[in-house]
Amino acid sequence: MNGVTSFAPILTLSLGSLVYLVTGKLLERTKLAAFLAFGLVVAAIAMLGIIPDSIGESEYGLIVNDFSRLLAVVACVGALVSLVSTRAAVEGEGIDTLNEYYFLALTALSGALVMIFCSDFLSLFIGVEVASLALYCLCGSRIHRGISAESSMKYFLLGCFSSAFLLLGIALWYGATGSLSMVPLAAVPYNAMIFLSFLMMLVGLAFKVGLAPFHFWVPDVYQGAPTSVTTFMSCVVKVAAFAALLKVLVLGFTYPQPWSFGALWVLAVLAMTLGNLAALQQRSIKRMLAYSSVAQAGYMLVGIVSTEYGSDGVAATLFYLVSYCAMTVGSFAVLAAVGPDADGVDSIQGLGKRSPLLAGCLTVFFLGLAGLPPSMAGLTSKLFVFSEALSAGLYGLAIIAVLNSALACAYYFRIPVAAFFQSAPAQQTQPISVPLTTALALVLCAAAVVLIGLFPEPLLALVRDAADSLVGP
Amino acid sequence: MGSVVTYVGLSLVLFAIGAVGVCIRRNAIVVFMCIEMMLNAVNLAFVAFSKLQGNLDGQVAVFFVMVIAAAESAIGLAIIIALFRNLVSVETTDAAQLKW
């Protein structure tokens, strides 16, 4: 019984964020708003390191184990990198209410942590809603821009719609088992209600993760939201939603049905193929990265489909998720550093001359997303996932995934090529000055992308422990 | 038992009506009302299942859902007002700057 200590990181973030509401304009004037947020996230990461594992199955609807600890650290580090690297960009985007911005970001992060730690469907739902409600507001935080309001409205309506499906699934699970816990006290036999319950929860969470065919909100929201917000959510939401999806799927796998892996197989193929085909046609980089995130979620699902034969598939998925986070945070953070309205390919033409640092980092991240050296993280994680699919005997799925990653190179390459080999439009040739904190965060992120792939063993040990604690060894 | 089936059936029908409404209506406020109806349909199911299972977990869940739905309406209406200030319309078909 270690009681409330397992709440410590979440409490740090959610209570700490209240400081912004209490102090009003004081923090903004003293320029401390951003640094308070960094401090709170660092404190949360430190606490994640020292809180003990839960004894028994769960306490107060939350569970601390290797799985939740790893993903919580990834979400917090991703949030920290995105907040640090976009600190200067936020002001350029015309978000003049910094207090509210950081309050909402920390609230969203605490909701994401609840999703990651949950061991109870009620806490899952509360976490999803806390994170989502804060993000709906963040997306609309450039209030004078039509596309920001539009993305916020679309995200809100579709997010609530998917939450309703998740909630219906939870109600049906409660009706079938008599408990809201993810670990039923007594084994309940499979029946139609449990089938419907998992179907509804899968639909709701596939929306949140952004898996095709439930992905249509992703491009609009990623493009319309301020780039600093997109940076934040591309990592935090992805990790939290994947954590929740994995928990529900692993629970679902205790009812082995012949069609269940078939359904996931179809979802993975749809996400990879639709995501990549749509990304090929985009002129907006943010939109392209959004469709690429759909495709990448499909690759991650390939690992989950391979779990039929043990926890190694989940480990491969987690490895992919961690390296994907580093790459996507970096890509969006570079865009945010280029300018508040950097979106079309023309905005990064000639970036190699305007800011070699940004162009170099961008190249590392995009080659990583494409899965090519020297950004080894992308290549290594793709190899892990695909080899899991092969060893599970899913040859068709592995071939489709490899073909998809080859196809994806076509659009990922365009961006570094535009940055280095095309000249900038006449009106934007002046060099970009990159603030020191942004440069530091980007370089560390790029270094992580290269090093994770070159030396995968430490991370691999971590994700194996995490997968074992989720699935059971 | 028979009455529980009736209530759950009613809640599923309400949920379906709400879902259809979300898909076919174009006014953001009406779409939002349909979503609220879906959430309340699930609340009805929670209460019915709570009676069926003979514990209070489902009824406690309803309170949480009600609080979350209230927070959702506060934020949702604010977002719709922000949209109206930019577009002078709350029709979802008019919010079409973001596509392909």
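This is a predicted model: local features need pLDDT of at least 70, side-chain atom pairs count only at pLDDT 80 or more; totals for chains, interfaces and linings use all residues.
Residues are numbered from 1 along each chain as written, and chains are lettered from A in the order written. Local features need pLDDT of at least 70, side-chain atom pairs count only at pLDDT 80 or more, totals for chains, interfaces and linings use all residues, and side-chain values use heavy atoms, without hydrogens or water.

**Exercise 1. State the confidence of the model, chain by chain.**

Step 1. pLDDT is the predictor's confidence in each residue, from 0 to 100. Chain A averages 90, and 97% of its residues score at least 70.

Step 2. Within chain A, helix H2 (residues 25-29) has the lowest confidence, a mean of 77. Helix H7 (residues 121-139) of chain A has the highest, at 96. Helices here are DSSP runs (H or I, at least four residues), numbered from the N terminus.

Step 3. Chain B averages 92, with 97% of the residues at 70 or above.

Step 4. For the complex, the predictor gives an ipTM of 0.96 and a pTM of 0.95.

**Exercise 2. Describe the contact between chain B and chain A.**

Step 1. Count residues with heavy atoms within 4.5 Å. Chain B contributes 41 and chain A 45.

Step 2. Take the buried area, the accessible area (1.4 Å probe) that two parts lose on being put together, summed over both. The value is about 3,600 Å², and carbon and sulfur atoms give 79% of that.

Step 3. Look for salt bridges (a Lys or Arg side-chain nitrogen within 4 Å of an Asp or Glu carboxyl oxygen). The count between the chains is zero.

Step 4. Assign the chain B side to elements. Helix H1 (2-24), helix H2 (28-53) and H3 of chain B each supply at least two residues. H3(B) gives the largest share, 14 residues.

**Exercise 3. Follow H3(B) to its end and examine the next residue.**

Step 1. H3(B) has 31 residues and spans 44 Å from first C-alpha to last. That is close to the expected 45 Å, where expected means 1.5 Å times one less than the number of residues.

Step 2. Val88(B) follows the helix. Its phi is positive, about 55°, although it is not a glycine.

**Exercise 4. Locate the cis peptide bond in chain A.**

Step 1. The bond joins Ala212(A) and Pro213(A), with omega about 0°.

Step 2. Pro213(A) sits in the loop between helix H9 (192-209) and helix H10 (217-224) of chain A.
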